[in-house]
Amino acid sequence: MKFFGLFQIGWIMAVSMNGLLGAAAEHPRLLVSPKDVPALRARAKSPAIAPMVARLREQADRGASDEDGSLATATQAHQCAFDYILSGDEGYAKKARELVESLIEDTSWANRNLKGLTLYTQGVYVALAYDHCFGAKSWDSAFSAKVSKKLLAQADVIMRSGGREQNRNAASNWQGLRWSSAGLCLLATDEPLTDPKAVPACYRRTMFYLRANLGTDAEGRGWNCEGLGYTYYPMGNGVAPFVIAMQRIDPKSDARKEIPAVPWSLWTCYATTVKTPTGLWRPDFGDDNPGTRGEGCYGFAFWFAPPEIQPGLKWWYDRTVGAHGDRTYDSERFGNVSSILYYPTDLPAKDPMTIPEWRSALAETGGNGYVAFRNHYRDESDVVGQLYAKLRGNRGHSGPDALSFRIVGMGAIWATGGGRYGVRSGGQDVYWRSQNTVYPVDPDGRLSINGNSGTIVGDPVQSPDGGGSVVMRIAKNNVGAREHTRRFLADFSDSGAAATFVISDTSADGRFWQLATLKTNRITTAGNTFTIESAAGATMRGTILYPSEAKLKTGERPRGSAAGDVTDNNFVTVEGSDGAFLVILTLAEAGKPHPAATASGKWTGDVRGNVTVGGLNVEIQGQTIRRTTP
């Protein structure tokens, strides 16, 4: 199919889908229309939104401090242009023009040899700047005509080649950004177009990306197969604004109604995020790291999410990036703009843990199969434990972490992954070596990696305290251990610890059980226990109840990408001989004791046993886990 030449119908083609023939010269039209501007300007002066506007103007005036080159220029151009929409201040339109001109006159514009992600992001932000500033005094007709043609050229290159360094996997964030950015350029330009199918093609390919990434299962809850880091960037900087613009043009083109997981996709940016002294962190699955930059997703979430969970979104927005948090209002890239547009000023906030739909969504039994347990959404005492079944196997960027777990909270990242691919040790990517799973060989030895999918056995159990249990199984896990079954229980109330995790693993040939933590956490061992101490003094105690005489080893290794400014992990491995392990993890505040942990029963093969941790009693029978009364 020929995707793109020079369109014949232009914007009229697009708006005709919505019965708006004759509106070809109307701007703005992507995220707001001229009739929306007066209300938007009044909204910008409201007590809830005014601080967001002030933050936006601060960024528009000084530019991004954490980015270099054209990306920073494009971001600032967009911020200035949106400031023009909010204020009518010609000074912001003029500054946006200067920034846009520097981009479109550069040899990298519409250049297929430019890195694809840069090509896409430039296109998105220049398209929006053009849309916002069209008609401003400083954007004379000659300059506007030039930008319009340049947007068409950018879309042409993006659709035809996608730029260099492109990941062509359908589920990859590269493809989500590629087609959404081309679509936004086409929706913004006023040039005549020759192929009336190009905008629909961009929408169809963007939807194909979402299906490939999230799956089509009705039980999917929006968790990204590549990890959350690959939600913020593509959704915030292209996919979300394009999806919204398309729905505004043609209400029938509504991604929220086409794919069950889409309405939940930006809820995931809230669900497992915790507050720490060094900012927001969250579990890092896939080829990912725990860095958390909303990039517009926190604001866009209010457009995407089901109404019943939006009070919970507002609750956590306010306490993380909002008025009761750090007051940045998600200021990275698209952040302040999406918050100004979509943050609900009149909606009462509600504790997410009191919203049944929110609670049940923490156990994703379809889609990609992420299951999370969380005590509350409150402060730095929040704790999250999450597992990944990888129900659909590898998609896009993928790490070897099926059945792996992450634990974040109490101001620290206790169980982490290894970051991204690229950094190598012994000829293999180091992030393969930092999984919290069962290995058939020493994790620092020669590994055999696969993209196999796991399963969730039965239904996850959710407890009133936010804990619960889940059983996952995989015929051969992603680091090569055969017939791996993981039984996992989380408790936030009964044991006496701040959090307790009971982990029973069986496999045919697993010989090493591993937990990887950030280098900032110190590990010590004593007998069958290890203790991880955070920089703030909180501790995680690991008690190995099987094997009864465990051989522990600790060490450090490089990460594939930095977690903040941390470039290495510490780890502890437990060596066994029969593929079975029973490990109890307890979290305690600085200076607080850990409850004793004991077990009785059979912990190999068809497991039959009982575990006691302080006041918590757990019975495990095969693939069934239940709390019991002592």
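**Reasoning about burial, contacts and pockets**

Me: Which residues of H15 are buried in this predicted model?

Reply: The buried residues of H15 are Gly 335, Asn 336, Val 337, Ser 338, Ser 339, Ile 340, Leu 341 and Tyr 342.

Me: Why is H15 called largely enclosed by the rest of the structure?

Reply: A residue is called buried when its relative accessible area is under 20%. Eight of the eight residues of H15 are buried, and therefore the helix is largely enclosed by the rest of the structure. The cover over these buried residues includes helix H2 (37-44), helix H3 (50-62), H4, H10, H13 and H14.

Me: What makes helix H13 (residues 297-304) largely enclosed?

Reply: Here too the answer lies in the burial of the residues. Eight of the eight residues of H13 are buried, so the helix is largely enclosed by the rest of the structure. They are Cys 297, Tyr 298, Gly 299, Phe 300, Ala 301, Phe 302, Trp 303 and Phe 304. Among the elements that cover them are helix H10 (229-249), helix H11 (255-258), helix H12 (268-271), strand E2 (279-281), helix H14 (310-320) and helix H15 (335-342).

Me: Which residues have the most contacts inside the largest nonpolar core?

Reply: Trp 139, Trp 267 and Phe 304 have the most contacts inside this core, which has 124 residues. Apart from it lies another core, of 42 residues, including Val 371, Ile 474, Ile 503 and Val 574.

Me: What does Phe 304 touch, apart from residues up to four places away in sequence?

Reply: Phe 304 touches Met 235, Ala 240, Val 243, Ile 244, Arg 256, Val 262, Pro 263, Ser 265 and Leu 266.

Me: Why is Asn 450 called buried?

Reply: The relative accessible area of Asn 450 is 17%. Buried means under 20%, and therefore Asn 450 counts as buried. Asn 450 lies in the loop between strand E9 (438-439) and strand E10 (455-462). Leaving out residues up to four places away in sequence, Asn 450 touches Asn 394, Lys 476, Asn 477, Asn 478 and Gly 480.

Me: How do you know that the side chain of Asn 450 reaches the backbone nitrogen of Asn 452 and the backbone oxygen of Asn 477?

Reply: The distance to the backbone nitrogen of Asn 452 is 2.9 Å, and that to the backbone oxygen of Asn 477 is 2.9 Å. The cut-off for a polar contact is a pair of N or O atoms within 3.5 Å.

Me: Why is Ala 110 called partly exposed, whereas Asp 330 is called buried?

Reply: Buried means under 20% relative accessible area, exposed means over 50%, and partly exposed lies in between. Ala 110 has a relative accessibility of 22%, so Ala 110 counts as partly exposed. Asp 330 stands at 3%, and therefore counts as buried. Ala 110 is found in the loop between helix H5 (90-104) and H6, and Asp 330 in the loop between H14 and H15.

Me: What is the phi of Ala 110, and what is that of Asp 330?

Reply: Ala 110 has a phi near 55°, a positive value in a residue other than glycine. Asp 330 is not a glycine either, yet its phi is positive, at about 55°.

Me: Why does Thr 524 count as partly exposed?

Reply: Its relative accessible area is 34%. Thr 524 lies in strand E15 (residues 522-526). Neighbours within four places in sequence set aside, Thr 524 is in contact with Thr 529, Phe 530 and Thr 531.

Me: What is the omega of the cis peptide bond from His 27 to Pro 28, and of the cis bond that joins Tyr 546 and Pro 547?

Reply: Omega is near -5° for the bond from His 27 to Pro 28, and about 0° for the bond that joins Tyr 546 and Pro 547. Pro 28 lies in the loop between helix H1 (11-16) and H2, and Pro 547 in the loop between strand E17 (539-546) and E18.

Me: What is the volume of the largest pocket, and which element gives the most to its lining?

Reply: The volume is about 1200 Å³. H10 gives the most to the lining, with four residues. The lining has 49 residues, of which Gly 291, Thr 292, Arg 293, Glu 295 and Arg 333 lie nearest the centre of the pocket. By class, twelve lining residues are nonpolar, 20 are polar and 17 are charged.

Methods: Residues are numbered from 1 along each chain as its sequence is written. This is a predicted model: local features need pLDDT of at least 70, side-chain atom pairs count only at pLDDT 80 or more; totals for chains, interfaces and linings use all residues. Side-chain values use heavy atoms; hydrogens and water are left out. Helices (H or I, at least four residues) and strands (E, at least two) are DSSP runs, numbered from the N terminus. Buried means under 20% relative accessible area, exposed over 50%, partly exposed in between (1.4 Å probe, protein chains only). A polar contact is a pair of N or O atoms within 3.5 Å; within protein, one must be able to donate a hydrogen and the other to accept it, and residues adjacent in sequence count only if both atoms are side-chain atoms. Contact means heavy atoms within 4.5 Å. A nonpolar core is a set of buried Ala, Val, Leu, Ile, Met, Phe, Trp, Tyr and Cys residues joined through side-chain atoms within 4.5 Å. On a 1 Å grid over the protein atoms alone, a cavity is a set of points where a 1.4 Å probe fits but cannot get out, and a pocket is an open set with protein on both sides within 12 Å along at least five of seven lines; lining residues have an atom within 4 Å of a point. Grid points are joined across faces, edges and corners, and a volume is the space filled by probe spheres set on the points. Ala, Val, Leu, Ile, Met, Phe, Trp, Tyr, Cys and Pro count as nonpolar, Asp, Glu, Lys and Arg as charged, and the others, Gly among them, as polar.
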